[in-house]
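Please open the model in your viewer and keep the selection panel at hand. The tour below moves from one selection to the next.

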Amino acid sequence: MEDKVRCAWCEKDDLYRKYHDQEWGKPVHDDATFFEFIILETFQAGLNWHTILKKRENFRLAFDHFNYKKIAIYNEDKVQELLQDTGIIRNKLKIRSAISNANSFIKVQEEFGSFSNYIWYFTSNRPVINHPKSLIDVPSTTLLSDKISKDLKKRGFKFVGSTVVYAFLQATGIVNDHLENCWIKD
C-alpha cells in the first residue's frame, strides 16, 4: 500500500495512513459509529485530529466503548473520574458535553428512528462527493455543515460548531473529500 497516493494530510505516520485508508470518507450508517465520531470530533475542537487518534483507544475505555446509553446517565463521580484520566483530553466542558450529547443523541433516535436516518436526511441519503485537487480546495465549513450545526445545537448538542460538524461529515463519509489523485477518491 505504500506505493498508493493518498491525501497529503495523512502522510504523517502509519496511524494516520491507516485511518485514512480504512475509515475516513467511508459512508457510515451505524449509530454506534456515528456517536463515537461525535465524541471524538467534539473533543478534537481546538486540537488536531492526530492527537485524538493517538488517544482513541483511551477514549474508548474511558467512555464505556462509546455506549451512548451508559454515557447519558454518567453522574458527577464519573465526571470527576474522567477529569483524572490522563489518557484522554481532560476538559470539563467537553466531558460534560459528551453526557449532554448522549442524551440529545437518544432523543434524535427516538424522533427519527435512528441517528443515521436523521443525519443522512440532510443529503437525501447520498454522500456528497467532492473532487478537490489539493488540500487548499477542501473547506473547513460549508453551507451543509452550517445547517447541520445549527440544527444539532437546536437539539441540545454541544461543541458542534460548523467546523466540527464538517470534520464529522468527512469522517463518516457523508462528505467525501478525498483528493482527486487519492487512490480512494470515490
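How far is the sulfur of C7 from the closest cysteine sulfur, and in which residue does that sulfur lie? Select C7 and C182: the two sulfurs are 3.8 Å apart, too far for a bond, a disulfide being a pair of cysteine sulfur atoms within 2.5 Å. This is a predicted model, in which local features need pLDDT of at least 70 and side-chain atom pairs count only at pLDDT 80 or more, while totals for chains, interfaces and linings use all residues. Residues are numbered from 1 along each chain as its sequence is written, and side-chain values use heavy atoms, with hydrogens and water left out.

**Cysteines**

The structure holds 0 disulfides. C7 is buried, at 1% relative accessible area, and C10 is buried at 0%; buried means under 20%, exposed over 50%, and partly exposed in between, with a 1.4 Å probe and protein chains only.

**Salt bridges around R17**

Next, select R17 and E11, whose side chains meet in a salt bridge with an N to O distance of 3.0 Å. The term requires a side-chain nitrogen of Lys or Arg within 4 Å of a carboxyl oxygen of Asp or Glu. R17 is buried at 14% relative accessibility, whereas E11 is partly exposed at 35%.

Helices (H or I, at least four residues) and strands (E, at least two) are DSSP runs, numbered from the N terminus. D14 is exposed, with 53% relative accessible area. A search of the whole structure finds 14 salt bridges.

**From α5 to α6**

Select E76 and R96, a salt bridge with its closest N and O atoms 3.0 Å apart. E76 lies in helix α5 and R96 in helix α6, so the pair ties together parts that are 20 residues apart in sequence. E76 is partly exposed at 37%, as is R96 at 33%. In the loop between α5 (76-83) and α6 (92-112), select T86, which is exposed at 59% relative accessibility.

Turn to the largest pocket, with a volume of about 420 Å³. Of its 19 lining residues, select those closest to its centre: W9, W24, V138, A167 and Q170. A pocket is an open set of points on a 1 Å grid over the protein atoms alone, where a 1.4 Å probe fits, with protein on both sides within 12 Å along at least five of seven lines; lining residues have an atom within 4 Å of a point. A volume is the space filled by probe spheres set on the points, which are joined across faces, edges and corners. Helix α9 gives the most to this lining, with 5 residues.

Finally, select L15, K18, Y19, Q22, E23, L53, R56 and E57, which line the second largest pocket. Its volume is about 150 Å³, and α1 supplies the largest share of the lining, 4 residues.
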